[in-house]
Amino acid sequence: MTKELETLLTELYVLIDDHVVEPRSGRGRRPVLSDAELLTLAVAQMLLGFDCERRWIRHAHHSAELRALFPYIPGQSDYNKRVRAARGLLCKAIQTLARISPSWFDDLWITDATPVPCGMSRETVKRSDLAGHAGYGYCASHSRFYWGLKLYLVCAGDGMPIMWCLANPKLGEREVVTALLERDHHLIRSGQILLADKGFSGAQFADTTAAMGLKLLRPDRKDETYKNGNLGGMRQWIESVNHTLKGQLGLEEHGGRTTHGVFARVAQRVLAMAAGIWHNWNIG
């Protein structure tokens with residue numbers, strides 16, 4: 001583990017402890033591993049490239065550097081339960097990092113969706129606890145079908161996640177993003193630009209975003225008159241965000257088997273990405 005990663009984890013722990021985790025009150029034994037330490041340990045797992053929790057806990061127990069940062073490291077079962085129970089704190093930490101980053105005030109947002117496969121066999125589909133939530137979808141960039149969920153992101157220009165959610169891939173992209181924007185409408189500033197792809201074309205979606213104070217910017221379809229062009233360079237921003245989540249943070253290797261498990265593990269990766277962007281702003 002590098003000194004820069006140690007610095008990131010230390011700064012993140014202080015931020016979470018001060019601004020995310022509520023002070024404990026009342027009776028009862030305090031946990032040996034605090035919630036702030038738990039979230040920091042979860043981010044360290046992603047940044048060090050451990051998709052498997054068993055391998056991660058085994059590595060952490062034998063790492064002198066990690067033991068120096070985290071005096072107590074739980075077993076795999078306790079760690080898994082604590083992370084799943086901390087779903088709300090994971091989301092709050094992501095929002096906190098976004099709010100204190102300079103890109104929070106950007107006028108440009110970018111949105112896209114990327115597959116989150118949750119099963120590779122017919123038996124998994126039939127027996128999975130995700131039945132009713134996950135579904136079959138098609139990934140055009142890889143020309144393949146998959147069974148799982150879809151991650152929808154609304155990010156700032158540097159990739160900092162502003163809004164995000166998981167949805168069944170059978171649901172229309174415009175419907176999901178509309179619901180996401182309506183849920184977090186208090187974050188929208190008048191005149192905000194939303195950069196999307198061709199899949200978000202349509203008069204109804206354009207009218208909906210305009211009513212929210214958003215200016216929709218997307219590539220022109222082949223059957224449309226020239227307006228914005230293909231926006232190829234700008235679209236690479238969101239593709240780089242997806243590549244970070246998949247290539248560096250192992251989004252498709254999350255290993256979740258339940259709704260809470262998948263949500264927590266995806267949130268882990270989104271938080272790790274947000275922490276990296278926030279740290280880059282801090283060090284210039």
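Residues are numbered from 1 along each chain as its sequence is written, and side-chain values rest on heavy atoms, with hydrogens and water left out. Because this is a prediction, local features need pLDDT of at least 70 and side-chain atom pairs count only at pLDDT 80 or more, whereas totals for chains, interfaces and linings use all residues.

The structure holds 4 aromatic pairs, where rings of Phe, Tyr and Trp (for Trp, its six-membered ring) pair if their centres lie within 6.5 Å, and where planes under 30 degrees apart count as stacked, over 60 as edge-to-face and the rest as tilted. One of them joins Tyr-138 and Phe-145, whose ring centres are 4.8 Å apart and whose planes stand at 55°, so this pair is tilted. Tyr-138 is partly exposed at 44% relative accessibility, while Phe-145, with a relative accessible area of 67%, is exposed; buried means under 20% relative accessible area, exposed over 50%, and partly exposed in between, with a 1.4 Å probe and protein chains only.

Another pair is formed by Trp-164 and Phe-263, with ring centres 5.1 Å apart and planes at 25°, so the two rings are stacked. Trp-164 belongs to strand 4 (residues 161–167) and Phe-263 to helix 11 (residues 259–283), so the pair ties together parts that are 99 residues apart in sequence; helices (H or I, at least four residues) and strands (E, at least two) are DSSP runs, numbered from the N terminus. Trp-164 is buried at 8% relative accessibility, whereas Phe-263 is partly exposed at 27%.

Cys-91 lies in helix 6 (residues 87–100) and is partly exposed, with a relative accessible area of 26%.

Helix 11 also holds Gly-261, which counts as buried because its relative accessibility is 6%. Apart from residues up to four places away in sequence, Gly-261 touches Arg-84 and Gly-256.

Two packed helices are described by the angle between their axes and the distance between the axes. In this model, the axes of helix 3 (residues 53–62) and helix 5 (residues 76–85) come within 9 Å and cross at roughly 115°; the axes are lines fitted to C-alpha atoms, for helices over the stretch in contact, and angles run from 0 to 180 degrees between N-to-C directions. On the helix 3 side the contact is made by Glu-53, Arg-54, Trp-56 and Ile-57, and on the helix 5 side by Gln-76, Tyr-79 and Asn-80. These residues divide into 3 nonpolar, 2 polar and 2 charged, with Ala, Val, Leu, Ile, Met, Phe, Trp, Tyr, Cys and Pro counted as nonpolar, Asp, Glu, Lys and Arg as charged, and the others, Gly among them, as polar.

Trp-56 has a further partner in Leu-48, which touches Met-1, Leu-5, Trp-56 and Leu-66 when residues up to four places away in sequence are not counted. Leu-48 is found in the loop between helix 2 and helix 3 and is partly exposed, at 28% relative accessibility.

Helix 5 also contains Val-83, which is buried at 3% relative accessibility. With residues up to four places away in sequence left out, Val-83 touches Leu-38, Leu-90, Ala-264 and Gln-268.

Asp-35 is placed in helix 2 (residues 35–47) and is buried, with a relative accessible area of 17%. The side chains of Asp-35 and Arg-82 are joined by a polar contact of 3.1 Å, a term for a pair of N or O atoms within 3.5 Å in which, within protein, one must be able to donate a hydrogen and the other to accept it, and for which residues adjacent in sequence count only if both atoms are side-chain atoms. Beyond residues up to four places away in sequence, Asp-35 touches Val-21, Arg-24, Arg-82 and Leu-89.

Lys-246, in helix 10 (residues 232–248), is likewise charged and buried, its relative accessible area being 19%. Setting aside neighbours within four places in sequence, Lys-246 is in contact with Thr-114, Pro-115, His-142, Leu-251 and Glu-252.

Conventions:
Contact means heavy atoms within 4.5 Å.
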